[in-house]
Amino acid sequence: MMNDATPRLAQKKQHIIRREEGMQVSSWHAFTGTLKRDLLLVFRRRSDVVNPLLFFSIAVTLFPLGISPEPDFLAQIAAGVLWVSALLATLLSLDSLFQQDMADGSLEQLVISPHPLAVMVLAKVLVHWLVTGLPLTLLAPMLAVMMFLPEEGYSTLFLTLLLGTPTLSLVGAIGAALTVGLRRTGVLMTLLILPLYIPVLIFGTGAVVSAVNGMAVAGHLAIMGAMLMTALVMAPLAAGAALRISLNG
Amino acid sequence: MQELLSGQNLACERDDRLLFSKLDFKLHCGEVLQIAGPNGSGKTSLLRILAGLLPDFDGTLFFQGKPVQSDSDHFRENLLFIGHQPGIKLNLTPEENLRWYQSLYHPADTDQIYQALAQVKLTGFEDVPCYTLSAGQHRRVALARLFLHAAPLWILDEPFTAIDQGGVKEIEQLIADHAQQGGSVILTTHHNLSLPVELNVIQLGQSHQSETEQA
């Protein structure tokens, strides 16, 4: 192995400024590289993953204690309680999406990397969903048992969360990107994002209630799928633009 | 010498304060350019403008004679920027940090990363979490990218912060080598540079009429 810097610098010189030489950078590598790095970071700080799940469980558990442990009553509010708690758990976890990267300077490295910023944002949002939305979706049926959700509702609850939580992560990334440059975000992000979450909530709970009442849910699910697709295309672009604005400040 | 980066009539205003205006400069291949000036004179702002992080300015930037906006991906492929923050994840090891950086440009194998870390005197620290390292070592991890990434244009914001005297000499040598190989370096520092190559200086903050002078 070479020990002095000179031979490698000479090698470097050869592909300086020559893009045509096949050394073109690949956005796919950048995407997987960022995905791996963020997953590794989550793995090193596992307590961050547990927090939204713990919040979700506690919030759902408090309803039977606070309102009524009556099975018939709980069955009626189950879909709404589960969905609202999942939504709030996602919202709370979004604060940290870009904050660390902003503080340590790796966000500006992402912005000046020769890749579309939307692709990089998508990698970060995917990690966020994998460690927040997906576990919430998997945990929800267990909490649904506690809430006496009628069994017709289980598959629909699971499906709506599977379609809805990625939408929440994607839309939330816009708010996180807009507020990342501020010293104290406080409730600003919640105010910005919550109105956009309401359609997801309405169709999510609507679908579960319909399923429990024996009605068709395909329409609800189709609309949730459409919302996910729209968010998938638009949200990374919007969040990327928002990040550039935040870095400018 | 081929022209690498140039700016025409640059002006920047931050918070209603004019940092600089009518700033022209030309940077050719093989040149080192130091941005000098007292604290708060806009050195970092200028570097961020040049790196494309601060779109809020007047004037035009040209990379290889063409406006930067016309092919900004090409510009960014050829740029290595190390900012005020070293951009190091404390929960990752130096190797993992560099692996991520290289995934953004040209993926590097473990051997290359270990060699680069050896160049910045971090042998033996490759796989310890960065939170156990000192501030100077964090900067060394960031500077190891200079050995991995074959970009012709380096923009370095205070690269000597927290680096010991021996390290400063090595980085100066690295900058000089890069210039002699045909690369260009733009940097800010409060340290007195002793380089074997010609050093151009942009002095900020004396008056609004900033001039380029040969040092």
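Is Ala11(B) buried, partly exposed or exposed? Ala11(B) is partly exposed, because 15 other C-beta atoms lie within 10 Å; a residue is buried with 20 or more such atoms, exposed with 12 or fewer, and partly exposed in between, C-beta atoms being placed from the backbone.

## Basis of the model

This is a predicted model, in which local features need pLDDT of at least 70, side-chain atom pairs count only at pLDDT 80 or more, and totals for chains, interfaces and linings use all residues. Residues are numbered from 1 along each chain as its sequence is written, and chains are lettered from A in the order in which they are written.

## The sheet of chain B

Chain B holds an open, antiparallel sheet of 4 strands in the order β2-β1-β4-β5. Strands are DSSP runs of E of at least two residues, and helices are runs of H or I of at least four; two strands pair if DSSP finds at least two bridges between them. Strands β2 (17-28) and β5 (66-67) of chain B each have a single partner strand, so one side of each lacks a neighbour in the sheet.

Strand β1 (residues 3-14) of chain B is joined to β2(B) by 8 bridges, and Gly7(B) has Phe25(B) as its bridge partner in β2(B).

## Surroundings of Ala11(B)

Ala11(B) belongs to strand β1 of chain B. Beyond its neighbours within four places in sequence, its contacts (C-beta atoms within 7 Å) include Phe20(B), Leu23(B) and Phe57(B).

## Contact with chain A

In chain B, 40 residues are in contact with 34 residues of chain A. Among the contributing elements, each giving two or more residues, are α3 (94-104) and α7 (165-180) of chain B.

How values were computed: Two residues are in contact if their C-beta atoms, placed from the backbone, lie within 7 Å.
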